[in-house]
Amino acid sequence: MHCTSCDAVCCRQTVVLGGEDDVPAHLTTRVHGLRVMARDPEGWCVAVDGQRMNCRIHASRPAVCRTFVMGGACCRSLRAAYAHGGSRTIESTLA
């Protein structure tokens, strides 16, 4: 499993930032009181380079992104939900 053969579903999920995350403020926003990575109008994380399909802040990406395992259980679950027209985001679980 490779990211190049995926629709980068993980880059469309809400990324909740922790206190240890050193992300520039202009790339973040607040959702339900939580500090999260901002998204563009199409739902992509604002750190994603749409031309190259990679993370512009890879070296300082949030901890949750660092621990996300490509091809792991969460990855497969997100891909399956996306393939079936679903969406698993923090907004849907907090609303």
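Is methionine 70 buried, partly exposed or exposed? Methionine 70 is partly exposed, with a relative accessible area of 41%. On this scale, buried means under 20% relative accessible area, exposed means over 50%, and partly exposed lies in between, using a 1.4 Å probe and protein chains only.

## About the model

Welcome to this structure. This is a predicted model, in which local features need pLDDT of at least 70 and side-chain atom pairs count only at pLDDT 80 or more, while totals for chains, interfaces and linings use all residues. Residues are numbered from 1 along each chain as its sequence is written, and side-chain values use heavy atoms, with hydrogens and water left out.

The pLDDT is the predictor's confidence in each residue, from 0 to 100. The protein chain averages a pLDDT of 82, and 82% of the residues score at least 70. Over residues 87-95, however, the pLDDT is below 50, and this stretch has 18 contacts in the model beyond near neighbours in sequence. A contact here means heavy atoms within 4.5 Å.

## The overall layout

The protein chain has three helices and four strands, arranged along the sequence as β-β-β-β-α-α-α. Both kinds of element are DSSP runs numbered from the N terminus: helices are H or I with at least four residues, and strands are E with at least two.

Of the 95 residues of the protein chain, 34% count as buried. Among contacts between residues at least 6 apart in sequence, 50% join residues at least 24 apart.

## Two loop residues

Let us return to methionine 70, which is found in the loop between helix 1 and helix 2. Its C-alpha atom is separated by 9.3 Å from that of cysteine 10, although the two are 60 residues apart along the chain.

Histidine 32 is in another loop, between strand 1 (28-31) and strand 2 (34-37). Histidine 32 counts as exposed, at 52% relative accessibility. The phi of histidine 32 is near 50°, a positive value in a residue other than glycine.

## Arginine 56 and aspartate 49

Arginine 56 has its place in the loop between strand 4 (54-55) and helix 1 (63-67), and it is exposed, with a relative accessible area of 54%. Leaving aside residues up to four places away in sequence, arginine 56 touches Val46, Ala47, Val48, Asp49 and Gly50. A polar atom of the arginine 56 side chain lies 3.2 Å from the backbone oxygen of valine 48. A polar contact is a pair of N or O atoms within 3.5 Å; within protein, one must be able to donate a hydrogen and the other to accept it, and residues adjacent in sequence count only if both atoms are side-chain atoms.

Aspartate 49 belongs to strand 3 (residues 48-49). Aspartate 49 is buried yet has no salt bridge, and the nearest side chain of opposite charge, arginine 56, is 4.1 Å away. A salt bridge requires a side-chain nitrogen of Lys or Arg within 4 Å of a carboxyl oxygen of Asp or Glu; Lys and Arg count as positive and Asp and Glu as negative, while His and the chain ends are not counted. The side chain of aspartate 49 does reach the backbone nitrogen of glutamine 51, at 2.9 Å.

## The two faces of helix 2

In helix 2 (residues 73-83), the buried residues are Cys75, Leu78, Arg79 and Ala81. They cover an arc of only 165° around the axis, which puts them on the same side of helix 2; the arc is that of the directions from the helix axis to the C-beta atoms. The face turned away from this buried side carries the exposed residues Ala73 and Ala83. Helix 2 is followed by glycine 85, whose phi is positive, near 80°.
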